Amino acid sequence: MKFYTIGYGSLKGTHAERKAAFQKRLRHVIEYTGKSITIVDIRRSGSGSRNGHAFDNSPTGMINLVREVSGKYISIPALANTFRSLPRYRASLNDNSRVELLKKMIIGNQSAVVLLCGCREYKHCHRTTLAEKLLECLGDKWEVDHLCGY
């Protein structure tokens, strides 16, 4: 079983080109899994300026973008890296209440779950730190796929 992470910070071009590239990544998950998607936005502000700037200068840009590819959008700001430090963020995840919420969402969801952040490189982003913690909690039958390079 698998869940995914995605970031949009590395997308280049106009708003329309970035939007098309991002949606291509989401459609890949839909085609690969045969399921709809649930985007779990783990940024501090799902409707913040980075969201609108990335695609269409609208506070609902990400929500609309996800709906266009038959997806569901959920924002969980409590999972944001407010520390701006991966070691401090990793330590904060030892309070399992936030991780347990996401774990239940992944296990009980009929759609493919995709963790979303705006960071460019997944290797240096809290979405990877969170994914690693989730894998510890979910067990050996689970894996994560970091969507990049489309």
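This is a predicted model: local features need pLDDT of at least 70, side-chain atom pairs count only at pLDDT 80 or more; totals for chains, interfaces and linings use all residues.

Me: What makes the contact of Glu143 with Lys2 a salt bridge?

Reply: The rule asks for a side-chain nitrogen of Lys or Arg within 4 Å of a carboxyl oxygen of Asp or Glu. In this pair the closest N and O atoms are 3.9 Å apart, so the contact of Glu143 and Lys2 falls within the cut-off and is called a salt bridge. Glu143 lies in strand E5 and Lys2 in strand E1, and therefore the pair ties together parts that are 141 residues apart in sequence.

Me: Why are Glu143 and Lys2 called partly exposed?

Reply: Buried means under 20% relative accessible area and exposed means over 50%, with partly exposed in between. Glu143 has a relative accessibility of 44% and Lys2 has one of 25%, so both values lie between the two cut-offs and both residues count as partly exposed.

Me: How do you know whether Arg43 and Asp41 are buried or exposed?

Reply: The relative accessible area is 7% for Arg43 and 0% for Asp41. Because buried means under 20%, each of these two residues is buried.

Me: What separates Glu100 and Lys103 along helix H5?

Reply: Glu100 and Lys103 are 3 residues apart in helix H5, which means that about one helical turn separates them. Their side chains meet in a salt bridge with an N to O distance of 3.9 Å, and Glu100, with a relative accessible area of 28%, is partly exposed.

Me: Which residues are closest to the centre of the second largest pocket, and what kinds of residue line it?

Reply: The second largest pocket has a volume of about 200 Å³. Of its 14 lining residues, the closest to the centre are Met1, Lys2, Lys35, Ser111 and Trp142. The lining divides into 9 nonpolar, 3 polar and 2 charged residues. Strand E1 gives the most to this lining, with 3 residues, while helix H1, helix H5 and strand E4 are among the elements that each supply at least two.

Definitions and conventions. Residues are numbered from 1 along each chain as its sequence is written. Side-chain values use heavy atoms; hydrogens and water are left out. On a 1 Å grid over the protein atoms alone, a cavity is a set of points where a 1.4 Å probe fits but cannot get out, and a pocket is an open set with protein on both sides within 12 Å along at least five of seven lines; lining residues have an atom within 4 Å of a point. Grid points are joined across faces, edges and corners, and a volume is the space filled by probe spheres set on the points. Helices (H or I, at least four residues) and strands (E, at least two) are DSSP runs, numbered from the N terminus. Ala, Val, Leu, Ile, Met, Phe, Trp, Tyr, Cys and Pro count as nonpolar, Asp, Glu, Lys and Arg as charged, and the others, Gly among them, as polar. Buried means under 20% relative accessible area, exposed over 50%, partly exposed in between (1.4 Å probe, protein chains only).
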